[in-house]
Each structure stands twice: as C-alpha cells, then as structure tokens.
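User: I have a complex open here and want to talk it through. Can you take my questions as they come?

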Amino acid sequence: MSTREVFALRGYLDPHLKDRTLSDARRVVSLTDITGETCLNGRLAEISGRSVLLSAAGQFLSALAMLEIDGVARRMLLCPPDLAADHIHALVADAEIDAVVTDQPSQWAGSGIELVVQAEEQLRPARRAQTERATEWLMLTSGTSGLPKIVGHTLEGLTGAIVADGPARGAPPVWATFYDIRRYGGLQIFLRAIIGGGSMVLSEPGEAIADHVARLRKKSVTHISGTPSHWRKLLMSGAASGFSPRYVRLSGEIADQAVLDGLRHAFPGASIGHAYASTEAGVGFAVNDGLEGFPADMIGESRDGVEMKIVDGSLRIHSRRAAHAYVGRQAAALTDSDGFVDTGDMVELRGDRYHFVGRRGGIINIGGLKVHPEEIEAVINRLAEVRMSRARSRRSPITGAIVVADVILADGCDTGRSEEIKNRILADCRASLAPHKVPAMIKFVDALDVTAAGKLARTDA
Amino acid sequence: MSVRLRIIAAIQQIAAEQQVTLPPLEDNLSLHETGFDSLGFAILVARLEDDLGIDPFTISEDASFPLTIGDFIRAYENVHA
C-alpha cells in the first residue's frame with residue numbers, strides 16, 4: 001500500500017483564492033465557490049469506485065463534472081464531442097463502464113449501463129466531497145478512422161509537465177485554448193488553469209473567430225494554446241489585433257517557421273513556443289527559442305523524467321507523463337520492451353536541430369520516392385503571400401501518385417497576382433526540395449478543412 | 001486551341017519548369033527522347049486531365065502507354081472524338 005497522499009483536482013480549488021472563474025460564451029462559474037456545490041444533484045457518492053463515462057454536450061459541464069468526479073470514481077472516460085455513436089458500445093465494454101454521467105440521460109436509458117447520473121449546469125449546494133482514490137483518466141485517441149483507442153493516464157502523469165514548469169509568474173493567469181478540453185491538448189490547459197490557481201475561458205463550437213477573440217479580450221486572457229491550424233485561422237481572420245496574450249503555445253501539429261514568425265509579428269510582447277505532446281506519450285518537451293524543430297541535444301539524455309530517442313526516423317519517448325496503457329480487451333502494447341512510446345512522428349536532422357517532417361502513415365509514394373506532405377507545406381508556407389497550405393496525393397497512372405498543393409493566400413493578397421505567386425511557390429519548392437516533392441499543380445482555395453481536433457484534414461493520409 | 005496544340009503547350013511548359021531541352025516535337029519522336037522522366041509524364045497527364053477533362057491512361061485498364069509523341073496525342077484525340 002502506498003502511503004502517498006492521493007492527488008485529485010478538488011485539492012486545487014483553494015477556497016482562499018478569489019476571483020477565479022470558468023467560463024464559456026454563455027456562462028460563468030466561480031472556481032472558489034464550486035467546492036461547496038454539485039453538478040450531479042448530490043449523487044456523487046453513487047459513482048464512488050465506478051468506471052464512469054462522462055458524456056456531456058459541452059465543455060463547460062464536462063469541466064464541472066471532471067472537477068467533481070476526479071478522486072471519487074475508479075475511472076473516468078472523457079468523450080469528445082465528435083465521438084461516433086456506433087463506437088460507444090465497444091468503448092463501454094473495453095473500459096468496463098458501469099456508470100454514465102450525462103446531460104442527456106434519456107439517450108442512455110436503453111444502454112444497459114447500470115447507473116445513469118444526470119449532470120446539470122445549475123449547481124446546487126453540497127457538502128465538500130472527500131477524495132477517496134486516484135481516479136484513472138481515460139482519453140480517446142483522435143485518429144480519423146476506425147475505433148479510437150482508449151488511453152489510460154493518471155492525474156499525476158497528466159500534470160507532470162505542469163508541476164515541472166512551476167507556477168506562472170506574475171498575476172494569476174487566465175488560460176484559454178482553441179482545443180476542446182476533452183482532448184489531450186485542451187485538457188493540459190484546463191489542468192494548468194486548475195492547478196496553477198488561474199481562470200479558464202473555454203472555446204465554443206461554431207463560434208465566429210471574431211466573437212471568440214472578443215471574449216478572450218474581455219476576459220483578459222493571458223495564456224493561450226492551439227494547433228498551428230487554429231493559429232493560422234486566427235491570423236487569417238484579422239481578429240488578432242487588440243488581443244495581447246503573454247503566453248502563446250502551439251502543439252498538435254508541426255509548427256513551421258512561418259506560423260511561429262506570424263505569431264511573433266501578431267503578438268510582439270508574448271512568449272511564443274511550441275510543445276510536443278500526444279495523447280499516448282504525454283507532454284514531451286517545449287521549444288521556446290522561436291525556431292521550428294528542436295535542438296538535437298534534447299535527444300538521448302533524460303530531462304524532467306522524459307527520455308527521447310529516434311529509431312527508423314521516428315521519435316520515441318519514454319516518460320513518466322506518458323499514458324500507462326491502452327485499455328481494452330484487444331488493446332495493443334503502448335510501449336516497446338524498453339518502455340518507449342513510438343510516436344509515429346518522423347523527424348530529420350538538419351544541422352544541429354531535428355525537424356518534424358510528418359506522420360509515418362501520411363507518406364505519399366511517387367513512383368517509389370517518398371515525401372511527407374508537411375515537408376512541402378513548410379516550404380510553401382514560408383512565402384509571405386501564403387497563409388496556409390495543404391499538400392496531398394493525387395493518383396497518377398504513371399507514378400501511382402503525384403503531389404499537388406492547395407494554397408490559401410494571405411489576406412490582402414491581390415488575386416490578380418496568383419500566376420506570379422504560383423511561379424514563386426514552384427521556384428521555392430524547386431530550390432528547396434527534391435524534384436518528386438515539388439507540387440505538380442497548385443490550386444488557390446478559400447478554405448481548408450480542419451478536423452474537430454484542430455488539425456488540418458488529410459483525407460488521403 | 002486544338003487538343004494537339006494544348007498537349008504541345010503543356011509539354012513545353014513542363015520542359016521549361018524542369019529545365020529540360022526538348023527536341024522538335026514530331027509525331028515519330030519517341031517519348032523517352034523528349035528528355036522527360038516518369039515524373040514529368042505524371043505531371044503532364046495530371047495537368048491534361050484538368051485541362052481537357054480526360055485521362056486516357058486511367059479510363060481504359062488495358063491501354064498500353066504510348067511510345068511516341070504521335071501515339072500520346074492520339075490517345076487524347078481518340079477519347080475526345
């Protein structure tokens with residue numbers, strides 16, 4: 001038996017810290033007062049020791065429920081909003097779910113799950129709950145096809161990087177993220193807000209970017225994170241002016257130099273960095289020198305409990321912050337025999353830095369020669385006239401596939417110059433890339449699809 | 001512009017991009033004498049598909065790939081006719 005103190009989120013809701021809030025576009029709640037309140041109508045004791053599936057339509061109620069359930073349930077499975085209904089049955093079986101906390105109890109009436117507890121945004125007074133155990137946190141991978149994998153974490157592992165970084169300096173931070181907090185990148189920010197004594201402003205699906213930024217300004221958000229696609233969307237919208245966060249972070253996709261420079265220009269006073277994290281490997285590392293890629297000397301030695309190596313071109317991470325297992329009847333091993341997670345993210349050494357080049361599964365094969373679409377996008381995105389691009393495979397009867405690129409021009413770019421810009425893109429690609437990596441065709445588009453997880457949609461990957 | 005002229009223009013455009021010096025594009029010139037590699041032809045076929053709306057080499061499963069410029073152009077003209 002461990003004699004260590006059990007660690008749960010409610011322990012960070014300090015009744016002496018005032019003015020902490022959790023808000024979305026419609027509601028706001030005091031993080032000071034909720035310690036004496038319940039969103040479960042006082043039924044928390046019923047889920048003690050159970051494996052709970054948390055399924056709420058919105059992030060606001062999900063956040064309240066996480067704060068209440070952690071330390072009481074045996075397990076808590078966070079369902080992201082885009083979870084396909086036909087996956088739920090398998091996930092319930094694999095995670096041995098025996099209770100559901102939901103704002104839509106009627107949907108679960110015939111599910112066969114023993115206990116359905118209704119969660120409500122209308123908080124009611126309740127006795128301050130006691131932490132009973134370390135709840136296992138279950139998250140879903142954000143792959144685009146097939147049944148998502150269930151990834152098991154402890155709160156201690158999830159918050160390892162937060163504790164290592166120490167508290168934010170200065171006034172209590174106001175955190176925000178473009179992510180949904182039921183995904184790894186968003187959950188990190190939510191946990192940072194709770195553990196660091198700050199406030200949190202949630203994103204709202206479907207909200208216009210200008211309205212979202214107006215809300216971030218009104219709430220005086222100081223710390224904010226998102227994927228490079230989220231940030232490009234913000235930069236493209238023109239809505240960034242007047243918003244001046246102190247801390248800007250990118251994660252979840254490759255942060256190329258163009259987006260880092262774009263953010264530096266938009267937020268001259270901010271600390272801008274990119275972090276590497278995945279649902280399985282946890283937070284790997286942060287890069288705060290404003291440059292893409294990461295210093296080669298980060299590979300090898302162990303820092304803050306994280307050790308990295310590169311095998312067959314992919315980044316492997318051994319970390320106390322990594323998930324402890326995939327959960328389920330047919331679950332594969334999460335790590336190799338040495339305890340390293342294979343991230344599937346491919347890197348390449350250039351000079352004294354490693355650069356991310358793409359996902360192992362996303363390679364395009366052009367007559368036997370290979371390319372990661374992200375390598376091409378990084379070159380295209382360097383042009384000042386380009387805001388965002390996507391390289392993709394197009395089938396070819398000659399080489400099996402060729403590469404083509406869809407490009408969004410930066411705002412204010414004269415569309416009459418498109419032929420000239422196309423030629424410059426091609427000239428840049430020819431100067432920096434092997435011939436098979438140069439797009440055969442370039443198409444200018446108004447928008448590129450971004451997935452629910454905030455990543456550029458790659459339908460061919 | 002005729003199909004033939006559009007094909008010739010596309011070949012010349014790709015040759016310029018790839019810095020390939022083309023010999024005179026006569027019908028009996030074999031495709032490998034153009035100086036194009038398979039990537040060059042892959043790009044040509046994709047661009048012509050966008051321009052002309054057809055890819056004669058994918059439409060028919062048993063179509064053999066042409067050997068000369070003349071065969072190549074006829075493959076398009078035959079589909080178009």
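User: Which elements do the buried residues of α1(A) pack against?

Analyst: This is a predicted model. In it, the buried residues of α1(A) pack against the strands β1 (21–23), β3 (37–38), β4 (51–55), β5 (75–78) and β6 (99–102) of chain A, and also against α5 (184–195) of chain A.

User: How many of the residues of α1(A) are buried?

Analyst: The count is 11 of the 11 residues, so α1(A) is largely enclosed by the rest of the structure. The buried set includes A:Q59 and A:E68 as well as A:F60, A:L61 and A:I69.

User: What comes just after that helix?

Analyst: A:G71, which takes a positive phi of about 90°.

User: Which residues touch the most other members in the largest nonpolar core?

Analyst: That core has 99 residues, and the ones touching the most other members are A:L54, A:A65, A:I69, A:M76, A:L77, A:V101 and A:L138. Helix α1 of chain A, residues 59–69, gives the most to this core, with 8 residues.

User: Take A:L54. What does A:L54 touch, leaving out residues up to four places away in sequence?

Analyst: A:L54 touches A:S62, A:A65, A:M66 and A:I69, and also A:M76, A:L77, A:L78, A:C79 and A:V101.

User: What share of chain B is buried?

Analyst: Of its 81 residues, 25% count as buried. As for contacts in chain B between residues at least 6 apart in sequence, 59% join residues at least 24 apart.

User: Back to chain A. What does the domain assignment give?

Analyst: Domain 1 covers 9–350 and domain 2 covers 363–444. The C-alpha centres of these two domains of chain A lie 33 Å apart. Their contact takes 10 residues from domain 1 of chain A and 8 residues from domain 2 of chain A.

User: Which helices supply the domain 1 side?

Analyst: α7 (228–237) and α8 (257–266) of chain A each supply at least two residues of the side of domain 1 that touches domain 2. By class, that side has 6 nonpolar, 2 polar and 2 charged residues.

User: Last one: where is A:R350, and is A:R350 buried or exposed?

Analyst: A:R350 is in strand β21 (residues 341–350) of chain A. A:R350 has 11 other C-beta atoms within 10 Å, and exposed means 12 or fewer, so A:R350 is exposed. The C-alpha atoms of A:R350 and A:P295 are separated by 10.0 Å, with the two residues 55 apart along the chain.

Technical notes
Residues numbered from 1 in each chain as written. Chains lettered and ligands numbered in written order. Predicted model: local features only at pLDDT ≥ 70, side-chain atom pairs only at ≥ 80, totals over all residues. Buried ≥ 20, exposed ≤ 12 C-beta atoms within 10 Å, placed from the backbone. Contact = placed C-beta atoms within 7 Å. Domains from an automatic or database assignment. Helix = DSSP H or I, 4+ residues; strand = E, 2+ residues; numbered from the N terminus. Nonpolar A, V, L, I, M, F, W, Y, C, P; charged D, E, K, R; others polar. Core = buried A, V, L, I, M, F, W, Y, C linked by C-beta atoms within 7 Å.
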